[in-house]
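Work through the exercises below with the sequence and the model side by side. Try each task before reading its solution.

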Amino acid sequence: MGLTSNLRRYQRREYYRFSCTLQLSSRILDDEEVRELDADERLDIPTSPTQPLESSVIMDISGGGLRFVGNYCYQPGSMILCVYQLKRDSEFKEYRIVSKVLEVKEKEDHPGLFEHRAKYIDIGDKEREEIAKLCALAPLHNPAADACIDMLRQMMPDTPQVAVFIWRS
């Protein structure tokens, strides 16, 4: 038995994206920090930042990066420090990860609010694995629900989407 045609990859993402709402703090790296990254050195970022952090909200997260919205606009190509917490079991862990801004667009329905897409740049294998595992713990119905919501957004772009979550213990 043999292939009748070349295989094609239809999924362009390496990691599953988990839709969520998480608090994010971020800032642009200074020139010295960028030089350290360019020299292939792992950045040692202090736990108490000397520069102010911008507040925003993570919309989705994966082992490869994140999408967030804020009332400020980083430029594509900017190197930023992303600081957020994820809960594992009953404890929170803080992540401080350098990311590269890939894309920024102003939300049409909310002028002054900017959606950013960022790719992790300076992340250890252990951190990436922890984040990917947390995303994998999302309910199994999420991919099907995401596909349904995406389809409805395309078919009815002006219709608000509403989600209802029922928790039973």
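The exercises that follow concern a predicted model.

**Exercise 1. Confidence**

Task: State the mean pLDDT of the protein chain, and find which elements have the lowest and the highest mean pLDDT.

Solution: 
- Start with the chain. Its mean pLDDT is 79.
- Next, the share of residues. A pLDDT of 70 or more is reached by 73% of them.
- Now go element by element. Helix α3 (residues 142-155) has the lowest mean, 66.
- Strand β3 (residues 65-70) has the highest mean, 94.

**Exercise 2. Elements in order**

Task: How many helices and strands are in the protein chain, and in what order do the elements run?

Solution: 
- Count first. The protein chain has three helices and six strands.
- The order is β-α-β-β-β-β-β-α-α.

**Exercise 3. The barrel**

Task: In what order do the six strands close into a barrel?

Solution: 
- Take β1 (residues 18-28) with β2 (residues 54-61). They pair in the antiparallel sense over seven bridges. Here serine 25 stands opposite serine 55 in β2.
- Move to β3. It pairs with β6 (residues 114-122), antiparallel, over six bridges. Phenylalanine 68 has histidine 116 in β6 as its bridge partner.
- Go on to β5 and β6. Eight bridges join them in the antiparallel sense. Lysine 105 has glutamate 115 in β6 as its bridge partner.
- Isoleucine 80 has serine 99 in β5 as its bridge partner.
- Return to β1. It pairs with β4 in the antiparallel sense over four bridges. Arginine 27 stands opposite leucine 81 in β4.
- The barrel reads β1-β2-β3-β6-β5-β4, and the pairing is antiparallel.

**Exercise 4. A hairpin turn**

Task: How many residues lie between β4 and β5 in their hairpin, and which residue in the turn has a positive phi?

Solution: 
- Look between the strands. The hairpin has two residues there.
- Aspartate 89 has a positive phi of about 60°.

**Exercise 5. Aromatic pairs**

Task: How many aromatic pairs does a search of the whole structure find? Classify each by the angle between the ring planes.

Solution: 
- The search finds two pairs.
- Tyrosine 72 and tyrosine 74 lie 4.9 Å apart, centre to centre, with 65° between the planes. Angles over 60 degrees count as edge-to-face. This tyrosine 72 and tyrosine 74 pair is therefore edge-to-face.
- Both tyrosine 72 and tyrosine 74 are buried.
- Tyrosine 84 and tyrosine 95 lie 5.8 Å apart, centre to centre, with 20° between the planes. Planes under 30 degrees apart count as stacked. The tyrosine 84 and tyrosine 95 pair is therefore stacked.
- Locate that stacked pair. Tyrosine 84 is in β4 (residues 79-88) and tyrosine 95 is in β5 (residues 91-106), 11 residues apart.
- Check burial. Tyrosine 84 counts as buried because its relative accessibility is 1%. Tyrosine 95 counts as buried because its value is 3%.

**Exercise 6. Cysteines**

Task: How many disulfides does a search of the whole structure find? Are cysteine 73 and cysteine 82 buried or partly exposed?

Solution: 
- The search finds zero disulfides.
- Cysteine 73 has 38% relative accessibility, so it counts as partly exposed.
- Cysteine 82 has 0% relative accessibility, so it counts as buried.

Note on methods:
Residues numbered from 1 in each chain as written. Predicted model: local features only at pLDDT ≥ 70, side-chain atom pairs only at ≥ 80, totals over all residues. Heavy atoms only, no water. Phe/Tyr/Trp six-rings, centres within 6.5 Å; stacked < 30°, edge-to-face > 60°. Buried < 20%, exposed > 50% of the residue type's maximum accessible area, 1.4 Å probe, protein only. Pairing = 2+ DSSP bridges. Disulfide = S-S within 2.5 Å. pLDDT = per-residue confidence, 0-100.
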